[in-house]
Amino acid sequence: MNYTAFVTEELENGDYRSSFNELSIEYLHTNDILIKVLWSSLNYKDALSAKGHKGITRNYPHTPGVDAAGIVEKSNNPDIMVGEEVIVTGHDLGMNTNGGFAEFVSVPSNWIVKLPNKLTLRESMIIGTAGITAAICVNELIKHGITTDKGKILVTGATGGVGSMSVAILNKIGYNVIASTGKIEETDFLKAIGANEVIHRDEVYDRTEKHLLPRRWAGAIDTVGGNTLSTVFRSTDYHGIVCVLGLVESSDLNINLFPFLQRGVSLIGIDSAERGLEIKKELWQKLSNEWKPDCLEYMTREVDLLDINPEIDNILKGGQIGKTLINCKIK
Ligand SMILES: NC(=O)c1ccc[n+]([C@@H]2O[C@H](COP(=O)([O-])OP(=O)(O)OC[C@H]3O[C@@H](n4cnc5c(N)ncnc54)[C@H](OP(=O)(O)O)[C@@H]3O)[C@@H](O)[C@H]2O)c1
């Protein structure tokens, strides 16, 4: 059996090139479960993998795509039946295991979440890794006592995948959400998906190096890192929580101890890829019920797998707005 896949190759001159290849199914490493992929979604990490970022993907040729949703085609596990609708987000998918930018993926059983009743496969990939990551952050805020009455929750990189999903989920469950963005022209979009207030990212980019800044946030979900994260940390209120998950601005962090010592602020590291399957299943249930944003379709643009190349360039330039859903059904 042959299938179509987006394949990134390393060239002799050190450059990388991505194209669509017709491959034999044997090309996939043999794992327990073969899935016919119907939908995937675009994440920042996928774009890095497609451009040869060795911190994400060590060996090429490789198919990126950390997200996949589809129908089980073959199964060596009696608990997962042929024909079942399933979701895979994270683990090693799309990193060093061929990923969801293809008609098929082969994965171990313990990466699989069965599609919750109240979700379609399409919706599951609108949510995708970005939504699960946002849900992990929201869960951390709640676990650490940041309830809706505590004050404003800041989301940075708010128009991006994780940012927009964070805004939408927080709004759905009643938080007062402040969206920070470099695309102030997208204020209407951010308000439509649930931001109570939209601010320019310059407002959370302090250049003074003061140890502490005026207290503004009860909690924050920071998708960008760098000086933005340092600013957010120094302007979070007493006993606030800052979820740290992204580095599109920078992976460097210049901080001092005063927000820890004088305000009891905590930085919580988020790694959604390797989060245990049990917590992921729990969060998928929430995302199919009381945490499911009403604006999923509004915040999404559907793109055919064969048209994905320009989307990869756009996300690397910081141009992402909401979610890009990838239709993997080759016509
Ligand atoms: N730790 C985890 O488990 C986990 C999971 C998923 C993603 N991530 C990481 O989280 C980050 C965001 O991922 P994503 O898929 O949501 O990416 P994305 O869709 O590209 O969103 C990133 C957003 O950040 C803002 N931005 C871009 N460049 C910036 C810059 N130089 N300075 C400040 N803001 C900038 C933009 O939003 P505005 O224009 O609205 O400001 C952009 O839309 C990435 O670093 C990704 O690797 C981590």
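**Ligand site and domains**

I noted that domain 1 (2-115 + 300-327) and domain 2 (129-269) both give residues to the shell around the ligand, so the ligand lies between them. The domain bounds come from an automatic or database domain assignment. The model is predicted: local features need pLDDT of at least 70, side-chain atom pairs count only at pLDDT 80 or more, and totals for chains, interfaces and linings use all residues. Residues are numbered from 1 along each chain as its sequence is written.

I looked up the shell and found 32 residues surrounding the ligand, a residue being near if its C-beta atom, placed from the backbone, lies within 6 Å. The closest are Gly-157, Gly-160, Thr-181, Gly-246 and Gly-318. The shell divides into 11 nonpolar, 16 polar and 5 charged residues, with Gly counted as polar. Helices α1 (44-50), α2 and α3 each supply at least two shell residues; helices are DSSP runs (H or I, at least four residues).

I then checked the domain pair: the centres, taken over C-alpha atoms, are separated by 29 Å. In contact are 11 residues of domain 1 and 12 residues of domain 2 (C-beta atoms, placed from the backbone, within 7 Å). The side of domain 1 that touches domain 2 has 3 nonpolar, 6 polar and 2 charged residues.

**Helix pair**

I recorded that the axes of α2 (residues 121-143) and α3 (residues 161-172) come within 8 Å and cross at roughly 55°, the axes being lines fitted to C-alpha atoms over the stretch in contact and angles running from 0 to 180 degrees between N-to-C directions. Residues of α2 including Ile-127 and Val-138 meet residues of α3, among them Met-165 and Leu-170. The residues of this contact divide into 10 nonpolar, 4 polar and no charged.

How values were computed. Two residues are in contact if their C-beta atoms, placed from the backbone, lie within 7 Å.
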